[in-house]
Amino acid sequence: MGGVTCLKILENSFSLSQAMKPKQYNNYSKRAAIIGGGLGGLSAAIHLQLAGYQVTIFEARDRLGGRANVIERDGFRFDTGPSLLNYPWVFEELFTAAGRKMSDYITLKPVDPSIRFLWPDGTVFHLSGHVEKLQQECERLEPGSAPGLMRFLADAESKYAFAFNKLVRQNKDNAATWIGALSLREFLQSAIWRSLYGELGRFFRSSRIREALGSYAMYLGGSPWSLPGLFTILPYGELAYGLWLPKGGMYSLIEGIEQLATELGVQIRKQRPVRRIRTLANCVEALEFADGLVESWPVVVSNVDVPTTQSKLLDVPRKSRMAMTPAVMTFYWGFRGTLGTLRHHTIFLPDNFKDTFDDLLHRNRIPNNIPFYISIPTDTDPSLAPPQHTAAFVLVPIPCLSKLGSMDWGKTVDIVREQVLDRLGRHGIKVMPDQFVLEEVLTPDDWGRAFGLYDGSAFGASHNLFQLGPFRARNKDRRIEGLYYVGASTTPGTGLPMVTLGGEMTARRIIDHAH
């Protein structure tokens, strides 16, 4: 059903009576409501506003940002979700599209070395955007690996270029058209039929180097043995473009983009939870809010997880068959003094690397030797804690809620905390009880309730081969005209850069459909 037909139906419906139409809008068809003010929703709002739409964001909480939120307490400022900014060019493009400079809104601080990996046997591996330093690290773990490293960087650079130019940013619903954008050489190089671990093995013999570069798979909902080899672009992107922390923490990115959206005329209504998306004759009709009020909207973009939207917000709920990324348990710790040698970003990997992935993804249990990462943002920006104090953020991946069954979260939090502290101690990082100033914890259940995360999944839908590109949930609903999606569970995928690009893609889909 076309948009014009939908509009005619709605114009004749009760919901579009003059009593219910917001009087400030004359061009009804160019109004768009966005449910949820995460980064994807903000991006979509900005691009639609620039295209002449009159956009309103409805946010259930008292702050925008979604997963990328903030906890402020006793002089500490903790980012709840993403702890580093990668692919800064994506955010620069967003500001440029609005005729602004990102540097006027956000100050970025470089993080180098970007990531340190630690194993229980004491092995250490540092990633750095400086090729000479990276080469030294690879040679230390695998003598003679320098040629392989250079081949890896050249290969991943090429993959990265054609992935973003021809695949990631395209609204393609047909697999043949989507993959057909690649030349034969690019298709063969994409390695979508080979596992990420196998692809890394073409360049490195060291299992430690492959484990470090393959560990990104955990946040994409798969293992290095199940995700496509194309995902070598993930570590490459961080090496090539660096890792950064906005001054004031990651939430400063949200604040800067919120300021931009407001300057452009986007209306933002916080503490305005949506209860239902009303439809009529398979067309979006209106939004019904938690307080019972109803507003008519011809275009609705949901920045709530796609399966949450479809199972909880539609007139006729739908069951999800999506494979999801793992859930997480997150700790926010304030300490007196410092935490030994810990720098900004450290990933603690297990010795039994493959077995740990099997626990998380197949046996559906919390691994005994848990992997986790710890971020010390005060290493880069001391203003995030009181003087002579340290802010720490710990993220532990665990199975989704439906896989875990009934849980005693109080007991589980205690067990996981003890494992994390024990692992730190084995690396010589002793945390004394009197160092703790405060602790906040979010379990998967907390994440699900606070941010609408389906099944507690932290990073949205998985990125296996059958949930990429046109196989992933579309950003335009297949059944309901006028309903669109943005965020981690639709195209192009999870992560702050991807959902920001996704906002542009969803806006383009809406604009193209209107024409």
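Which side chain meets that of R417 in a salt bridge? Select R417 and E439: their side chains meet in a salt bridge, with 2.8 Å from N to O. The term denotes a side-chain nitrogen of Lys or Arg within 4 Å of a carboxyl oxygen of Asp or Glu.

The model is predicted, so local features need pLDDT of at least 70 and side-chain atom pairs count only at pLDDT 80 or more, whereas totals for chains, interfaces and linings use all residues. Residues are numbered from 1 along each chain as its sequence is written, and side-chain values use heavy atoms, with hydrogens and water left out.

**First stop: R417 and E439**

Display helix α15 (residues 409-426), which contains R417, and strand β19 (residues 436-442), which contains E439; the pair thus ties together parts that are 22 residues apart in sequence. Helices (H or I, at least four residues) and strands (E, at least two) are DSSP runs, numbered from the N terminus. R417 counts as buried at 19% relative accessibility, while E439, with a relative accessible area of 27%, is partly exposed. Here buried means under 20% relative accessible area, exposed over 50%, and partly exposed in between (1.4 Å probe, protein chains only).

The structure holds 41 salt bridges. Select R169 and E93 next; the closest N and O atoms of this salt bridge are 2.8 Å apart. R169 belongs to the loop between α5 (146-168) and α6 (175-179), and E93 to helix α3 (residues 88-97), so that the pair links distant parts of the chain, 76 residues apart. R169 counts as buried at 17% relative accessibility, and E93 as partly exposed at 36%.

Proceed to R100 and E263, another salt bridge, in which the closest N and O atoms are 3.4 Å apart. This pair also links distant parts of the chain: R100 is in the loop between α3 and β6, E263 is in helix α11 (residues 251-264), and 163 residues separate them. R100 is partly exposed at 28% relative accessibility; E263 is partly exposed as well, at 40%.

Select β5, β9 and β6. These 3 strands form an open sheet in the order β5-β9-β6, with antiparallel pairing. The edge strands, each pairing on one side only, are β5 (85-86) and β6 (108-111). Two strands pair if DSSP finds at least two bridges between them; 2 bridges join β5 to the antiparallel strand β9 (residues 243-246). To locate one of these contacts, select N86, whose bridge partner in β9 is L243.

Select residues 207-214, helix α9, which is mostly covered: 7 of its 8 residues are buried. The buried residues are R208, I209, R210, E211, A212, L213 and G214.

**Last stop: the second largest pocket**

Finish with V306, Q310, M322, A473 and R478, which are the closest to the centre of the second largest pocket among the 21 residues that line it. The volume of this pocket is about 480 Å³. Its lining divides into 8 nonpolar, 4 polar and 9 charged residues. On a 1 Å grid over the protein atoms alone, a pocket is an open set of points where a 1.4 Å probe fits, with protein on both sides within 12 Å along at least five of seven lines; lining residues have an atom within 4 Å of a point.

Methods
Grid points are joined across faces, edges and corners, and a volume is the space filled by probe spheres set on the points. Ala, Val, Leu, Ile, Met, Phe, Trp, Tyr, Cys and Pro count as nonpolar, Asp, Glu, Lys and Arg as charged, and the others, Gly among them, as polar.
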